[in-house]
Amino acid sequence: MEYVTLSNGLKLPLLGYGVYQVPPDECERCVLDALEVGYRAFDTAQAYVNEAGVGAAVKKFGIPREEVFLTTKVWITNYGYDACRKSVEASLKKLDTDYIDLMLLHQPFADYYGAWRALEDLYDEGKLRSIGVSNFFPDRLVDLCSFCRIRPMVNQIELHPHHQRLEDMEWMAKYGVQVESWAPFGEGRGGLFEDPVLTGIGAKYGKSAAQVMLRWQLQKGIMLIPKSSRRERMAQNFDIFDFALSDEDMAQIAGMDKKTSSFFSHDDPRIVEMLAGWDPLPE
Ligand SMILES: NC(=O)c1ccc[n+]([C@@H]2O[C@H](COP(=O)([O-])OP(=O)(O)OC[C@H]3O[C@@H](n4cnc5c(N)ncnc54)[C@H](OP(=O)(O)O)[C@@H]3O)[C@@H](O)[C@H]2O)c1
């Protein structure tokens, strides 16, 4: 495993496992499989409604808590100082743990300043070992970095060969914010798993397009959390430490950037309306 050290000195695995769209009743099995494969970092969210499955799997696997790294995210209906604090307590319970390794604000909308102040205090109290944001475009990130007490340590954003976020990464570097990719395969949209550049590079090393995409991000120092419900793919996605892409390979992949989201943009007002009206959390 390769590791990254965040701005506060916390060391985290670069490669983890994400559980978006893993149904609550399947999550424990998936995370147990991932633990057996070797993953030690897990990314969930209040909005995924499967935090309890992650916590149950870690307990069942019987691994010392300090050998596992748990990330979760506060949803916008839990923003504002008091609601955010309360929701973090609920996440701790669901994850069955005394602390969370990385807590993110899921979206840059609603009262994220109130929520951020709650995360700062919970960080000081030791309940959160690091804090960060997700889907913050550079303008929102620079705003938050300019007026907060503790700067975000991570920004989790959509990033894959079709959407490489080079300018965003420059802003993050300027403010000491570690980049973490979501959808490191773009969920396969735009034919990424079959792309001839990626499969061609993979053929040289006996690796799949998926492994090439992950290796490319790993070599750029990006934290990544690929998702698969299938154990054999979990193992394939974990098997990226025994080869290295050449400068030429890296340049070829750099040429695939379409500089546009494969999903939607968080600064599109229609998307803001859609997310503002979405409440995935059960009462
Ligand atoms: N912060 C945010 O707003 C946000 C948004 C989206 C995602 N995320 C996080 O990022 C994680 C990853 O993103 P994601 O799940 O959206 O997309 P992803 O990891 O890019 O892609 C997952 C898809 O790829 C398939 N897949 C996985 N490995 C494969 C392989 N080796 N070969 C072929 N197909 C493969 C999976 O199918 P199978 O499961 O059938 O294998 C699934 O359909 C999420 O789980 C979540 O933790 C965060």
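Here are some questions and answers about salt bridges, cysteines, pockets and a cavity in this model.

This is a predicted model, in which local features need pLDDT of at least 70, side-chain atom pairs count only at pLDDT 80 or more, and totals for chains, interfaces and linings use all residues. Residues are numbered from 1 along each chain as its sequence is written, and side-chain values use heavy atoms, with hydrogens and water left out.

Reader: How many salt bridges does the count come to?
Author: A salt bridge here is a side-chain nitrogen of Lys or Arg within 4 Å of a carboxyl oxygen of Asp or Glu. By this rule, the count is 19 salt bridges.

Reader: Which residue forms a salt bridge with D33?
Author: The closest N and O atoms of the pair are 3.3 Å apart, and the partner of D33 is R231. D33 sits in helix 1 (residues 24-37) and R231 in helix 9 (residues 231-238), so the bridge ties together parts 198 residues apart in sequence; helices (H or I, at least four residues) and strands (E, at least two) are DSSP runs, numbered from the N terminus. The residue asked for is therefore R231.

Reader: Is D33 buried or exposed?
Author: Buried means under 20% relative accessible area, exposed over 50%, and partly exposed in between (1.4 Å probe, protein chains only). The relative accessibility of D33 is 13%, so D33 counts as buried.

Reader: How many disulfides does a search of the whole structure find?
Author: A disulfide is a pair of cysteine sulfur atoms within 2.5 Å. The sulfur of C30, a buried residue at 0% relative accessibility, is 6.6 Å from the closest cysteine sulfur, in C27, which is too far for a bond. C148 is in no disulfide either, with the sulfur of C145 being the nearest at 5.6 Å. The search finds zero.

Reader: What volume does the largest pocket have?
Author: On a 1 Å grid over the protein atoms alone, a pocket is an open set of points with protein on both sides within 12 Å along at least five of seven lines, while a cavity is a set where a 1.4 Å probe fits but cannot get out; lining residues have an atom within 4 Å of a point. Points are joined across faces, edges and corners, and a volume is the space filled by probe spheres set on them. For the largest pocket, the volume is about 890 Å³.

Reader: Which helix gives the largest share of the lining of the second largest pocket?
Author: This pocket has a volume of about 350 Å³. Its lining holds 17 residues, with N78, A90, K94, L281 and P282 nearest the centre. The largest share, six residues, comes from helix 3.

Reader: What volume does the largest cavity have?
Author: The count comes to one cavity of 30 Å³ or more. Among the 17 residues lining the largest cavity, P13, A41, T71, E180 and M223 are the closest to its centre. Its volume is about 100 Å³.
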